Amino acid sequence: DWVFHLAADMGGVGYFHSDADWGAAMRNGRITLNVLENADLCDRLFYAASACVYPIERAGELMDETMIGSGTPDALYGAEKLHGLRLCSKTPNARVGVFDTVYGPLQEHEGRRMKFPTAVATKAIAARETGRLELWGDGTQTRCYLDIDDAIDRVLTVITADRYEGPVNIGAATPVSCREIAELCLDLAGAEAEIVFNLSEPSGVPARVTSQAKYHAVYGDTHEAGYRDGFAKLIDWLEAL
């Protein structure tokens, strides 16, 4: 009845600003084409796009859905996700959520595939012994992070609702700097450590904050876990490993 197309070869900024980008975009494109070619077999399809579809030239602005396709997507990953989003606009039963960073238990927690939330949480745990936590970039990069349980609730709302008015952002409403999240994770992990900045590693666009106004207008109010509660849950899971 329902198909949730969440599959992708993906990772964090280090993964997509490396030679992995080309192969990942090719594989993701094949997955999406295979799914959409068979979309008539289901009643309704949900496609997970990414905030990487938004133009890097407008990274300091609040990203709303009218800006999709108005500039250069972030890396080949973003370009492929934009192509999938556009194909979904011609797929009668498809609905699109544009995800900002989602985090929580069961995320990749090793290697360059780690996205920032899990990477910084693992570094905070390790900082109990090392006394240092390394951030890529200068720590001022601004992002929003949505707890996985809240993300799932919104996906289910979008696919079940009577209304669908085109691609809609699924993200958190509260921007925060990478340094602030690092300080929070050190506090939650009980680590006293120095934050050091590695400017030689990729750090992504300086800011990416997506507007949730359309989601609220179409689907109503949402729950949003605070960063302290969300990252505490993530760190508890990492420690249990």
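Biologist: Before we start, what should I know about the model?

Modeller: It is predicted: local features need pLDDT of at least 70, side-chain atom pairs count only at pLDDT 80 or more, and totals for chains, interfaces and linings use all residues. Residues are numbered from 1 along each chain as its sequence is written, and side-chain values use heavy atoms, with hydrogens and water left out.

Biologist: Which residues have the most contacts inside the largest nonpolar core?

Modeller: In soluble globular proteins, nonpolar side chains tend to be buried together. A nonpolar core is a set of buried Ala, Val, Leu, Ile, Met, Phe, Trp, Tyr and Cys residues joined through side-chain atoms within 4.5 Å. Buried means under 20% relative accessible area, exposed over 50%, and partly exposed in between (1.4 Å probe, protein chains only). Here the largest core has 43 residues, and those with the most contacts inside it are Phe46, Phe99, Val120, Ile181, Cys185, Tyr227 and Phe231. Helix α6 (residues 178-189) gives the largest share, seven residues. Helices (H or I, at least four residues) and strands (E, at least two) are DSSP runs, numbered from the N terminus. There is also a second, separate core of 18 residues, which includes Tyr54, Met67, Leu85 and Ala94.

Biologist: How many aromatic pairs are there?

Modeller: A pair of aromatic rings is described by the distance of the centres and the angle of the planes. Rings of Phe, Tyr and Trp (its six-membered ring) pair if their centres lie within 6.5 Å; planes under 30 degrees apart count as stacked, over 60 as edge-to-face and the rest as tilted. This rule gives eight aromatic pairs. Take tyrosine 103 and phenylalanine 231: their ring centres are 4.4 Å apart and their planes at 20 degrees, so this pair is stacked. Tyrosine 103 lies in strand β5 (residues 101-103) and phenylalanine 231 in helix α8 (residues 227-240), so the pair ties together parts that are 128 residues apart in sequence.

Biologist: What kind of pair do tyrosine 145 and phenylalanine 231 form?

Modeller: That one is edge-to-face, with 6.3 Å centre to centre and 85 degrees between the planes. Tyrosine 145 counts as buried, at 2% relative accessibility, and phenylalanine 231 does too, at 0%. Ring pairs also link Tyr103, Phe116, Tyr145, Tyr227 and Phe231 into a cluster.

Biologist: Is leucine 6 buried or exposed?

Modeller: Leucine 6 is exposed, because its relative accessible area is 52%. Its place is in the loop between β1 and α1 (13-16).
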